[in-house]
Amino acid sequence: IVFGIPLAFIGLAHYYVSTIAHMYAAIGKKRKARYLTIILAYAGLISSIYFVYLQLIVIQSICLFCMG
C-alpha cells in the first residue's frame, strides 16, 4: 500500500495509461504521447528493478508469484 492505495491498483493504472498512450501515439502520431510512452516505460523499468531489489536484498526472499 502506497499513500493508502494498493500497489496492485497502481500497477493496473500504470499499464492502462501506458496502453492508452501507446495506442494514441501509434494512431495519432502525437509527439507528446510518444514521450509519455517512453517516460512510462522507464518508470515501469525502475519500479521493477526496485521491487526485485526489495525481494533479494531487503526481504531476502523471492516471491514466485511476483517473479513468475
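Student: Why is Q55 called buried?
Tutor: Buried means under 20% relative accessible area, exposed over 50%, and partly exposed in between, with a 1.4 Å probe and protein chains only. Q55 has 9% relative accessibility, so Q55 counts as buried. A word on the source: this is a predicted model, where local features need pLDDT of at least 70, side-chain atom pairs count only at pLDDT 80 or more, and totals for chains, interfaces and linings use all residues. Residues are numbered from 1 along each chain as its sequence is written, and side-chain values use heavy atoms, with hydrogens and water left out.

Student: Where does Q55 lie?
Tutor: Q55 is part of helix α2, residues 31-59. Helices are DSSP runs of H or I with at least four residues, strands are runs of E with at least two, and both are numbered from the N terminus.

Student: Which residues is Q55 in contact with, leaving aside neighbours within four places in sequence?
Tutor: They are Q60, S61, I62, C63, C66 and M67. Contact means heavy atoms within 4.5 Å. The side chain of Q55 also reaches the backbone nitrogen of C63 at 2.8 Å.

Student: What makes Q60 exposed?
Tutor: Q60 has 64% relative accessibility, and the cut-off is over 50%, so Q60 counts as exposed. Q60 lies in the loop between α2 and α3 (64-67). Its phi is near 60°, a positive value in a residue other than glycine.

Student: How do you know how α1 and α2 are oriented to each other?
Tutor: Their axes come within 8 Å and cross at roughly 150°. Axes are lines fitted to C-alpha atoms, for helices over the stretch in contact, and angles run from 0 to 180 degrees between N-to-C directions. Angles under 35 degrees count as roughly parallel, over 145 as roughly antiparallel, 65 to 115 as roughly perpendicular and the rest as oblique. So α1 and α2 are roughly antiparallel.

Student: Which residues meet where α1 and α2 touch?
Tutor: Among them, L7, H14 and V17 in α1 take part, as do A33, R34 and L36 in α2.

Key. Polar contact = N/O pair within 3.5 Å; in protein donor to acceptor, adjacent residues only side chain to side chain.
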